[in-house]
Amino acid sequence: MSDILSRLRAIPGLAVVTDTGAMAPHLVDWRKRHYGAALALVFPTDTTSVAAVMQACYETETRVFPQGGNTSVCGGSVPDESGRGIILNLGRMNVIRKLDAEDDSIIVEAGCILQNVQEAAASIERLFPMSLGAEGSCQIGGNIATNAGGTGVLRYGNMRDLVLGLEVVLADGTIWDGLRTLRKNNSGYDLRNLFIGSEGTLGVVTAAALRLFPRPPHFLTAMLAVQGTDAMLALARQLRAAFPGEVSALEIMSHSQMTIVLRHVPGAKLALPDNADWYLLIEISGTTAPEILEERLTTALGHAFGTGTILDAVLASNERQRAELWALRHHVTEGNVKEGMGLTHDIAVPLAQIGPFIAAAQAWLARELPQARPVVVGHLGDGNLHYIAMLSHDDWEKVADKPGLTAHLNHALYDIADDMGGTFSAEHGIGSIHIADMNRYKTTHELNLMRGLKAFLDPKGLLNPGRVLP
Ligand SMILES: Cc1cc2nc3c(=O)[nH]c(=O)nc-3n(C[C@H](O)[C@H](O)[C@H](O)COP(=O)(O)OP(=O)(O)OC[C@H]3O[C@@H](n4cnc5c(N)ncnc54)[C@H](O)[C@@H]3O)c2cc1C
């Protein structure tokens with residue numbers, strides 16, 4: 001132990017923290033559901049010191065827990081309880097190395113906050129389309145490690161689609177420089193894609209080349225209050241067909257979800273009836289003038305208004321109103337934490353199965369756990385729902401110690417998704433909480449292939465042990 005600490009302290013420019021109080025915020029996740037322990041917390045400022053840290057840990061067989069903004073929702077961002085590893089926090093590696101309008105690309109260090117990358121792109125009239133509720137604190141390295149999704153996936157893809165190249169430090173300290181900005185490169189196996197979504201178990205991302213897009217000059221953002229699940233799904237299909245290639249977000253919130261946000265999030269307000277089954281947030285963007293977009297949207301919605309499917313709609317007429325509508329969507333997690341104990345299921349199913357999934361999950365919950373309220377929020381356009389069984393803190397106290405209750409609930413909902421050709425983890429990753437689910441939903445063959453890759457890249461099993469693989 002003293003060996004690794006003295007080696008870390010000898011690395012030039014590396015901040016090494018061992019004081020328990022100073023480490024405390026890094027030993028627990030933001031929802032305070034997962035706690036860990038560590039020998040030290042280190043903050044490198046460049047790739048060379050990350051490599052030196054990794055080499056020292058490899059030679060002393062010390063576990064390494066990479067950490068970004070610590071916004072993970074699946075227990076992936078805090079160390080295990082052994083206290084035998086170190087936290088490698090990338091937050092001080094936050095330089096934008098290159099911003100290139102001609103190449104439509106940006107090269108950033110892993111510790112850059114997502115929002116800062118969006119703003120850097122905007123400063124050259126470009127768009128970096130990754131957007132999610134934690135964008136003010138999550139880091140690009142964490143987004144890459146979890147292959148984050150968010151609200152822009154429908155049009156621009158998830159993180160995997162936005163990464164052109166990577167710089168990664170391997171378990172033994174070797175630096176792989178794959179920081180190219182090519183759109184096409186079929187020269188052998190795509191190493192970059194191995195690391196994206198590997199949640200810090202195969203290597204430490206230190207920098208990334210990211211894809212930028214032309215910034216659409218016009219946006220039309222609207223929130224619709226809709227009655228009936230089937231009608232809401234039909235409306236969403238109809239809107240996508242009416243604006244081919246122009247819909248940049250299609251998000252839903254159930255009535256229960258909207259009520260929670262309005263109750264708990266300071267400043268949240270909604271100029272729509274508060275009794276709709278669903279609230280559909282749509283954003284359309286492109287070169288078409290806003291008046292024309294508005295006219296086309298009104299025409300597209302005409303029939304749904306006529307049949308009573310839509311109770312009412314609000315259209316943002318300026319940037320402030322647009323931000324207010326988005327704030328309702330982006331603050332759901334904050335509201336849910338205040339409301340009670342939300343057991344969240346980040347499932348995805350084929351688009352045609354969303355209605356059947358909601359119906360089957362609702363029926364199961366009403367039968368097996370009637371105290372729980374179904375709360376649904378999701379990226380409708382991607383078939384990705386956060387299906388939450390919400391319990392008041394009092395009800396949670398009463399059921400929390402029922403043996404296996406949470407696993408029983410999780411498996412029931414995941415089984416429904418799985419039977420429909422879906423997944424138990426659409427965008428949040430595996431972290432530490434889904435390890436048993438990997439055994440249940442992945443084939444032995446898939447797990448063996450993954451274990452083979454892990455053994456090759458991390459032969460001593462030091463990188464983020466206890467995450468992703470059973
Ligand atoms: C309010 C809120 C809303 C969210 N909304 C979404 C959403 O819409 N879509 C979505 O996909 N996710 C969402 N998330 C979860 C999401 O995974 C994270 O917000 C984000 O992608 C993680 O980034 P981070 O920097 O905080 O990483 P952390 O939480 O610190 O780490 C996450 C994982 O990545 C690893 N890691 C971190 N940095 C590196 C690195 N440089 N190299 C290797 N491994 C690393 C960690 O070891 C850990 O396994 C949300 C979270 C919150 C709190």
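Q: Hi! Which side chain does R192 join in a polar contact, and at what distance?
A: The side chain of R192 joins that of D190 in a polar contact of 2.8 Å. A polar contact is a pair of N or O atoms within 3.5 Å; within protein, one must be able to donate a hydrogen and the other to accept it, and residues adjacent in sequence count only if both atoms are side-chain atoms.

Q: Before I go on, what kind of model is this?
A: This is a predicted model, where local features need pLDDT of at least 70, side-chain atom pairs count only at pLDDT 80 or more, and totals for chains, interfaces and linings use all residues. Residues are numbered from 1 along each chain as its sequence is written, and side-chain values use heavy atoms, with hydrogens and water left out.

Q: Thanks. Where does R192 lie?
A: R192 lies in helix 8, residues 191-195. Helices here are DSSP runs (H or I, at least four residues), numbered from the N terminus.

Q: And what is R192 in contact with, leaving aside its neighbours within four places in sequence?
A: R192 is then in contact with V163, L164, G165, L166 and W176, where contact means heavy atoms within 4.5 Å. The C-alpha atoms of R192 and L166 are separated by 6.2 Å, although the two are 26 residues apart along the chain.

Q: New topic: how many residues surround the ligand?
A: There are 35 residues around the ligand, and the closest are P66, G68, G69, T71 and S72. A residue counts as near if one of its heavy atoms lies within 4 Å.

Q: What does the side chain of T71 do there?
A: An N or O atom in the T71 side chain is 2.6 Å from an oxygen atom of the ligand. A polar side-chain atom of N143 lies 3.0 Å from a ligand oxygen atom, and an N or O atom in the side chain of E427 is 3.0 Å from a nitrogen atom of the ligand.

Q: Now helices. At roughly what angle do helix 14 and helix 16 cross?
A: The axes of helix 14 (residues 354-368) and helix 16 (residues 405-419) cross at roughly 155 degrees and come within 10 Å. Axes are lines fitted to C-alpha atoms, for helices over the stretch in contact, with angles from 0 to 180 degrees between N-to-C directions.

Q: Why call them roughly antiparallel?
A: Helix 14 and helix 16 count as roughly antiparallel because that term covers angles over 145 degrees.

Q: Which residues of helix 14 meet helix 16?
A: F357, A360, A361, W364, L365 and E368 do, and their partners in helix 16 include H408, L409 and A412.

Note on methods
Helices (H or I, at least four residues) and strands (E, at least two) are DSSP runs, numbered from the N terminus. Angles under 35 degrees count as roughly parallel, over 145 as roughly antiparallel, 65 to 115 as roughly perpendicular and the rest as oblique.
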